[in-house]
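Okay, quick one from me today.

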Amino acid sequence: DSDIIIINYEILRHKSKKQKIEKGWLRALICAQPKAIIIDECHMIKNRKAKRTKAVKELCKATKHIIGLSGTPVVNRPAELFPMLSILAPHVFPNFFRFAQRYCDARYTEWGWNYSGASNIEELHEIITNGIMIRRKKCDVMKDLPEKMQSIVPISIDNWDEYSKAETDFIGWLKERDPDKVDS
């Protein structure tokens, strides 16, 4: 019995053949009541309108401890930071429009709002680096990192049936393991 579930972004918005609604996997994961969520490659959560971003945000709503990890520089423009910031610090960044007015040089044009700019970036940097994000440059930590090693570790799986069921029907597998945690 494991307390850790590792999933990819696609599983959050995946719809299995047995499910009629797209958010079925997401609901099952929410019902599992994770105590912490680690969002690896969090730079992938940059489009606030994307299904992936919405699913991650919904999963994180009821979770107290959230950590975002990325080895990729995140910022192309401040608007791309908002989705992750609103997940990590919703009390600081609760509203996109206010964020965009302050940090994205939001302008209304004949085609609608344009959020592609940047404004007050020194202030935004100060807020982010004083309590939300930690940045470590490779050149600063390289001396502390060991040489890269690659190892092939063969693993024997003695529960192929259970593994296959979890891989093809995660909700069904979760229902069998802990029916109380899954909404029907």
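Predicted model: local features only at pLDDT ≥ 70, side-chain atom pairs only at ≥ 80, totals over all residues.

So, D105 and R107: these two form a salt bridge, with the closest N and O atoms 3.4 Å apart. By salt bridge I mean a side-chain nitrogen of Lys or Arg within 4 Å of a carboxyl oxygen of Asp or Glu. How exposed are the partners? D105 comes out partly exposed at 33% relative accessibility, and R107 is partly exposed too, at 37%. For the cut-offs, buried is under 20% relative accessible area, exposed is over 50%, and partly exposed is in between, with a 1.4 Å probe and protein chains only.

Residues are numbered from 1 along each chain as its sequence is written, and side-chain values use heavy atoms, with hydrogens and water left out.

How many salt bridges does a search of the whole structure find? Four. One of them joins the side chains of R102 and E123, at 2.5 Å, N to O. That pair links distant parts of the chain: R102 sits in helix 5, residues 96-103, and E123 in helix 6, residues 121-129, 21 residues apart. Helices here are DSSP runs (H or I, at least four residues), numbered from the N terminus. R102 is partly exposed, with a relative accessible area of 37%, and E123 is partly exposed as well, at 29%.

Next up, K165 and E176, whose side chains meet in a salt bridge at 3.7 Å, N to O. K165 belongs to helix 8 (residues 160-168) and E176 to helix 9 (residues 170-177), so this pair ties together parts eleven residues apart in sequence. K165 is partly exposed at 25%, whereas E176 counts as exposed at 58%. There's also a network here: salt bridges link K165, D169 and E176.

Last one, back in helix 5, where we find F99. Buried or exposed? F99 is buried, with a relative accessible area of 3%. What does F99 touch, leaving aside neighbours within four places in sequence? The contacts are P78, A79, F82, L85, F93, C104 and L124, where contact means heavy atoms within 4.5 Å. And if you want a C-alpha number, F99 and S86 are 9.8 Å apart in space and 13 residues apart in sequence.

That's my lot, over to you.

Methods: Helix = DSSP H or I, 4+ residues; strand = E, 2+ residues; numbered from the N terminus.
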